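Here is a short briefing on one protein model. Keep the sequence and the 3D view open as you read.

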Amino acid sequence: MQFDLLLKGGRVIDPASGLDAQRDLAIADGRIAAIDADIPFDRAARVIDATGSIVAPGLIDLHSHVYWGGTSLGVDADRLAAKSGTTTFIDAGSAGAGNFLGFRRHVIERSKVRILAYVNISFAGIFGFSQTVSVGECSDLRLCEPRETVAAVREHADVVVGVKVRSGRHAGGTSGIAPVDLALEAADQVGLPLMAHIDEPPPGRSEVLPRLRRGDILTHCFRPFPNAPIFASGAVRPDMRLARERGVIFDIGHGMGSFDFEVAKAMLSEGLAPDVISSDVHLYCVDGPAFDILVCMSKLLALGMPLVEVLRAATQRPAEAIARPDLGALMVGAVGDIAVLRLRPGSFTFVDAVGASLVAEQRLISDGVVIGGTWWPNEAAGDLGDTERFEAHAHETHVDVVARHFGRG
Ligand SMILES: [Zn+2]
């Protein structure tokens, strides 16, 4: 058999199957065609030298915001993919039933990188979000319409993976727990998981968590006080343990304000590692503190989570959460989505969402990705230094941030 692409000599790590060894990996017709100790050069149309690199399933960022141009917080997924090792972005409710078609037509269908999505229970999606504007899409319950949500999920079933709700003082105003109950009803109706965001109470995590079912996702699971998953003493709150036992999925969702090193240390020390590491990347955290999924993974690595578990939390686990095991594993026949990564030694200072820093001696970087069998190099890989400080930019207006990213006019 002749292959389209051969990744040669890399350390192949596939958490789902337990494989961690030097292997060659070949792709044909957009799918993984062979994984072997030695596949000859002349059997492939194109060969990528992966010596010294990690060849892993393409990263799946379970919580991102990529409705570029259609929502104020959207980033351009294609610009972020190769740099961050991401082959699938899951948009976490940027769009609701009222604007999902635009997301699909103008973004999802035009992107080179794979995009799937949760539909927001709010008809308008996340419409009022910047560093200076915060009008929560669930603060007016007239927007939370389960019938509309269910219809949108069914209409776009090929790209929809679940329902999203953002409850809390910022996203839900004085609506309390009601948006969560409405979103759960919609999710139940279509037989899909719910991803629940928490911010500042009310509602508190203690109201949200008991409602979540096996396979539902708590995002911002390691958020800081208030509504942190630990007591001031560092002990894990009992509702977190009960939820884990019930099969609720804990997702990082780093973002602008939702990851705290002290909380993460406490959770890890009590054996409660996150199921999923996601970035919650959007326009106001893509330049820090979250940056992208690889930086978030590097933070968990620096906190002592083993490399294979960090990779599992960005491949196998998110694939399970969206019921797409063919995307998060390196088996023959699976979709040809691959991340070629590297552990870069140096001195790196990571900063969390409350401004605390952590110095690490290594970070993960991306050589590039394979998406559906096509190699897509990270053009910036050669310019990366061995010392870097991962800090957020100071406050800017929406126009400033957009201009810096996309130019004026
Ligand atoms: Zn988000």
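Asp38 is exposed, with a relative accessible area of 56%. Exposed means over 50% relative accessible area, buried means under 20%, and partly exposed is in between, using a 1.4 Å probe and protein chains only. This is a predicted model, in which local features need pLDDT of at least 70 and side-chain atom pairs count only at pLDDT 80 or more, while totals for chains, interfaces and linings use all residues. Residues are numbered from 1 along each chain as its sequence is written, and side-chain values use heavy atoms, with hydrogens and water left out.

**Around Asp38**

- Asp38 sits in the loop between β3 (31-36) and β4 (44-49). Strands here are DSSP runs of E with at least two residues, helices are runs of H or I with at least four, and both are numbered from the N terminus.
- Asp38 is in contact with Lys8 and Asp24, leaving aside neighbours within four places in sequence. Contact means heavy atoms within 4.5 Å.
- Asp38 and His197 are 159 residues apart along the chain, and their C-alpha atoms are separated by 46 Å.

- His63 lies in strand β6 (residues 59-64) and Asp280 in the loop between α8 (261-269) and α9 (293-302), so the pair ties together parts that are 217 residues apart in sequence.
- His63 is buried, at 1% relative accessible area. Asp280 also counts as buried, at 7%.

- An unreviewed UniProt entry annotates Lys164 as "modified residue: N6-carboxylysine". UniProt positions are given in the numbering used here, feature names are shortened, and annotations may be inferred rather than shown by experiment.
- Lys164 is found in strand β11 (residues 160-167).
- Is Lys164 buried or exposed? Lys164 counts as buried, at 0% relative accessibility.
- Beyond neighbours within four places in sequence, Lys164 is in contact with residues including His63, Tyr118, Asn120, Ile121, His197 and Thr219.
- Ile121 lies in the loop between β8 (114-120) and β9 (128-129). Ile121 counts as buried, at 0% relative accessibility.
- Ile121 and Val370 are 249 residues apart along the chain, with their C-alpha atoms separated by 33 Å.

**Leu116 in β8**

- Leu116 lies in strand β8. Leu116 is buried, with a relative accessible area of 6%.
- Not counting residues up to four places away in sequence, Leu116 touches several residues, among them Phe89, Ile90, Val159, Ile322 and Leu327.
- Leu116 and Phe225 are 109 residues apart in sequence and 31 Å apart in space, C-alpha to C-alpha.

- The axes of helix α3 (residues 146-155) and helix α5 (residues 178-190) come within 9 Å and cross at roughly 35°. Axes are lines fitted to C-alpha atoms, for helices over the stretch in contact, and angles run from 0 to 180 degrees between N-to-C directions.
- The crossing of α3 and α5 is right-handed. Right-handed means the near helix is turned clockwise from the far one by less than a right angle, and left-handed means anticlockwise.
- Pro146, Thr149, Val150, Val153 and Arg154 in α3 meet Leu182, Ala186, Gln189 and Val190 in α5.
- The residues of this contact divide into 6 nonpolar, 2 polar and 1 charged. Ala, Val, Leu, Ile, Met, Phe, Trp, Tyr, Cys and Pro count as nonpolar, Asp, Glu, Lys and Arg as charged, and the others, Gly among them, as polar.

**Backbone details**

- A cis peptide bond joins Pro202 and Pro203, with omega about 0°. Pro203 is in the loop between β12 (194-198) and α6 (205-208).
- The peptide bond from Gly288 to Pro289 is cis, with omega near 5°. Pro289 is in the loop between α8 and α9.
- Phe291 lies in the loop between α8 and α9. Phe291 has a positive phi of about 65° although it is not a glycine, and counts as buried at 14% relative accessibility.
- Asn227 is not a glycine, yet has a positive phi of about 80°. Asn227 lies in the loop between β13 (217-219) and α7 (238-246).
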